[in-house]
Amino acid sequence: MKEGKKGGPAPARHQDTRVINAGRDPASYHGFVNPPVYHASTVLYPNAEDFLAHRSRYQYGRRGTPTTEALELALQELEGPQCAGVALLPSGLAAISAALLSVVHAGDHILATDSAYGPTRAFCDQILTRYGVTTTYFDPLAGASIAALMRDNTRAVFLESPGSLSFEMQDVTAIASAAHAKGAIVLMDNTWATPLHYRALDFGVDLSIQAGTKYIGGHADVMIGTVSANSRTVADLQKNVRLSGLCVGPDDVYLGLRGLRTLAVRLERHYRSGLAVARWLEQRPEVLRLLHPAMPGDPGHALWKRDFTGACGLFSVVFKPTPQKAVYAFLDTLELFGIGPSWGGFESLAIPFDCTNVRTATRWAPGGPTVRLHIGLEAVEDLLADLERGFAALAIAARA
C-alpha cells in the first residue's frame, strides 16, 4: 500500500485528485514537479559483479527509465487494485497486438466482437492466422450466450465496449464470467471510457487496453498505447513486450504523462459538450437516430448507466436516407470539425463511415448514411452553428 508523506497508508482520494498525483515523486528528482525526460540507452553499473547479477533498478533504456516508470505507476493506480502492472507501447494498435500475442499460442482460437476497431480485425485476420491462430467474430450483444461459441482451444475473448464506430454496449461482466468458466482470458479496448469512467479490470477483464494517442495524450500530437494487466496476465504481458523489443520514445512518454494530468477536466468537458451536441442533433429533422450509449434512447443505455461513470465526446449519427453527395456537402462545409482519423484531442472531428464490409457476424443496416463525430473543447454554441451550416449545405445538395 502506498504511504502518505508522514508515514502510514495514503488516504483514499477522488479519481480527479489521483490523476494529478499518481506516479509523481518530486523528491526523487530534486523537487521538480515533473520527472525529467530520460533519453537513455546505456545504464552504467558500479562494478562487474553487479553488472553480471543485474543488480540495478534500471538495466537498459529499452527496459524502462524514471520517465516511463512514472507513467506506468500513474496508470496502474488509476486502473485500481486489480491492476498488477502496465506496459507502454508505441501506439494503440501496438498495444492491442502485444496484448493478444502475450496470451495466444499456435493452434489457439479467439473470439472477437464484430464491432472491433478495424485494424484489430486486420491483425487477427492477416497476422495471427499466419501462426495458426483463428478468430471467430461474434455479435457484440451476445452477452452470456457467448458460452455457446467457446471451443476447447478458445484462449481469449476480445471486447470493445462501446464499439468506436457503431457504439454497441457489451455486457462485459456476463461475457467475462462465461469466458473464465472455460479458462479463456478476456481483453478489452477501453479507449472510449478510459479508467476514469470504466475500470475494466474491476468487471472481469484481464487485459485492459487504451490507445493513449486519444484521451491520455489529449492534444493530437503523440502516439502511445497502454496495456493494464491483472495478476493472471501481467508476467506474460511483460515478458512478451520485453522479448519483442517494444518500447516508447521518452518524449512521447512525457507527453502522455503531461496529458494524463489534465485528463479528468478534459474528459468532463468532452462528456458534457458531447451530450449537449447529441441532444441538439436528436431534434434535427435530418437525423434518424444517434449511436451514443449515454443518451437515454440508446439501446445500450441501461448497461452504460449500470457500469460506467461517464462518457467522452465520441459518438455517431445516422442520417435519414439522403444522397451520399449530400453527406459529403455537409462534411465539406464544416469549419470547426476536421475530417481525419483518430479522436480524443482538443479538436472536433467528423468522418463518414460504413461498417458493411467489416462485419461478418452481424449485419450493418443503420437505416441511412452514418457520420462519426468527436466533440472537442470548442464552445458548444460555435459547434452547433457550424453544424447548422452543414445541414444547410446538405439540404441544398440533396435537392440538386
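Trainee: Leaving aside its neighbours within four places in sequence, which residues is Leu281 in contact with?

Mentor: Bear in mind that this is a predicted model. Set aside the neighbours of Leu281 within four places in sequence. The contacts that remain are Val287, Leu290, Phe315, Val317, Leu373, Leu387 and Phe391.

Trainee: How many residues has the largest nonpolar core?

Mentor: Leu281 is one of the residues with the most contacts inside this core. Val157, Trp192, Leu260 and Leu373 are also on that list. The largest nonpolar core has 87 residues.

Trainee: And how many residues are in the other core, with Ala94 and Val133 among them?

Mentor: That core lies apart from the largest one. Leu207 and Val241 are also among its members. Its count is 28 residues.

Trainee: At what angle do helix α10 and helix α13 pack?

Mentor: Helix α10 covers residues 263-282, and helix α13 covers residues 380-399. Their axes are 10 Å apart. The crossing is right-handed. The packing angle is about 35 degrees.

Trainee: How do the residues of the contact of α10 with α13 divide into nonpolar, polar and charged?

Mentor: α10 supplies Ser273, Ala276, Val277, Trp280 and Leu281. α13 supplies Val380, Leu384, Leu387, Glu388 and Phe391. The division is eight nonpolar, one polar and one charged.

Trainee: How are α3 and α9 crossed, left-handed or right-handed?

Mentor: α3 spans residues 66-79 and α9 residues 250-261. They pack at about 35 degrees, with axes 9 Å apart. The crossing of α3 and α9 is left-handed.

Trainee: Which residues of α9 make the contact with α3?

Mentor: On the α3 side the contact is made by Thr67, Thr68, Ala70, Leu71, Ala74, Leu75 and Leu78. Across both helices, the contact residues divide into ten nonpolar, three polar and one charged. The residues from α9 are Pro250, Val253, Tyr254, Gly256, Leu257, Leu260 and Arg261.

Trainee: Which residues does Ser208 touch, not counting those up to four places away in sequence?

Mentor: Ser208 is in strand β6, residues 207-211. Its relative accessible area is 0%, so Ser208 is buried. Residues up to four places away are not counted. Those touched are Glu79, Met188, Asn190, Ala200, Leu201, Thr226, Val227 and Ser228.

Trainee: How far apart in space are Ser208 and Val86, C-alpha to C-alpha?

Mentor: Along the sequence they are 122 residues apart. In space, C-alpha to C-alpha, the value is 9.4 Å.

Trainee: How many disulfides does the structure hold?

Mentor: Cys124 is buried at 2% relative accessible area, and its sulfur is 17 Å from the closest cysteine sulfur, in Cys355, so that pair is too far for a bond. Cys312 is buried at 0%. Its sulfur is 16 Å from the closest cysteine sulfur, also in Cys355, and therefore too far for a bond. The number of disulfides is zero.

Trainee: What separates the C-alpha atoms of Val317 and Cys355?

Mentor: Along the chain, Val317 and Cys355 are 38 residues apart. Between their C-alpha atoms the separation is 13 Å.

Note on methods:
Residues are numbered from 1 along each chain as its sequence is written. This is a predicted model: local features need pLDDT of at least 70, side-chain atom pairs count only at pLDDT 80 or more; totals for chains, interfaces and linings use all residues. Side-chain values use heavy atoms; hydrogens and water are left out. Helices (H or I, at least four residues) and strands (E, at least two) are DSSP runs, numbered from the N terminus. Buried means under 20% relative accessible area, exposed over 50%, partly exposed in between (1.4 Å probe, protein chains only). Contact means heavy atoms within 4.5 Å. Axes are lines fitted to C-alpha atoms, for helices over the stretch in contact, and angles run from 0 to 180 degrees between N-to-C directions. A crossing is left-handed if the near helix is turned anticlockwise from the far one by less than a right angle, and right-handed if clockwise. Ala, Val, Leu, Ile, Met, Phe, Trp, Tyr, Cys and Pro count as nonpolar, Asp, Glu, Lys and Arg as charged, and the others, Gly among them, as polar. A nonpolar core is a set of buried Ala, Val, Leu, Ile, Met, Phe, Trp, Tyr and Cys residues joined through side-chain atoms within 4.5 Å. A disulfide is a pair of cysteine sulfur atoms within 2.5 Å.
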